[in-house]
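Welcome, and please take a look at the model below. A short tour of its main features comes after it.

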Amino acid sequence: MRARNFFKLICISVMVLVLTSCSIFGGGSDKKKEEEKAKNESKSKASSTKKEDDSVINQELKKQYEMYNEIIQYKVKQENKLIKQSEERYKKLKEESNKKTESKSEDGADKEDKSSSKEDSDSSKQKDDQGKQ
């Protein structure tokens, strides 16, 4: 039994060795030649159609590139508009705050008198509310 298994193992290993050596050293060279011919034919066909495809592809790429540039230009314009609007708003707010501070500084004495009279009226209201309860 052991001799039989050993003999089978040697036969299988020899067959594997023969097959690998054939494929490495030129076994099936006819198939390789046919494959090379098919590749060469497909390359020549591809090169002829490639020129036509390149022009169509290039045209499409140019159109897409132009569209992309237009989109970028539009975005830049919109951002510039937003910046201008925010600057204008800031200027308006600044002017309004300056006007308010100027009017406060001019009416500072009058407002102090009004605030003290308001405090007096508030304290009298609180006393009245406490008396009613």
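The report goes from the overall fold to confidence, and then to two local sites.

## Overall fold

This is a predicted model. The chain contains three helices and zero strands, so a walk from the N terminus simply reads α-α-α. Helix α1 covers residues 2-24, helix α2 covers residues 29-106, and helix α3 covers residues 108-132.

## Confidence

The average pLDDT of the chain is 79, and 69% of the residues score at least 70.

## Surface and burial

How much of the chain counts as buried? Of its 133 residues, 0% do. The chain exposes about 13,200 Å², and 55% of that area is supplied by carbon and sulfur atoms.

## A nonpolar patch

On the surface you will find a nonpolar patch formed by F6, I10, V14 and V18. Together, these residues have about 350 Å² of accessible area.

One of them, I10, sits in helix α1.

Next, have a look at S86, which belongs to helix α2. Its side chain reaches the backbone oxygen of I83 at 2.7 Å, within the 3.5 Å cut-off for a polar contact. With a relative accessible area of 39%, S86 is partly exposed.

Notes:
Residues numbered from 1 in each chain as written. Predicted model: local features only at pLDDT ≥ 70, side-chain atom pairs only at ≥ 80, totals over all residues. Heavy atoms only, no water. Helix = DSSP H or I, 4+ residues; strand = E, 2+ residues; numbered from the N terminus. Buried < 20%, exposed > 50% of the residue type's maximum accessible area, 1.4 Å probe, protein only. Areas by Shrake-Rupley, 256 points an atom, 1.4 Å probe, with all protein chains shown as cover. Patch = residues over 30% accessible without salt bridge, like charges linked within 9 Å, V, L, I, M, F, W, Y side chains within 5 Å. Salt bridge = Lys/Arg side-chain N within 4 Å of Asp/Glu carboxyl O. Polar contact = N/O pair within 3.5 Å; in protein donor to acceptor, adjacent residues only side chain to side chain. pLDDT = per-residue confidence, 0-100.
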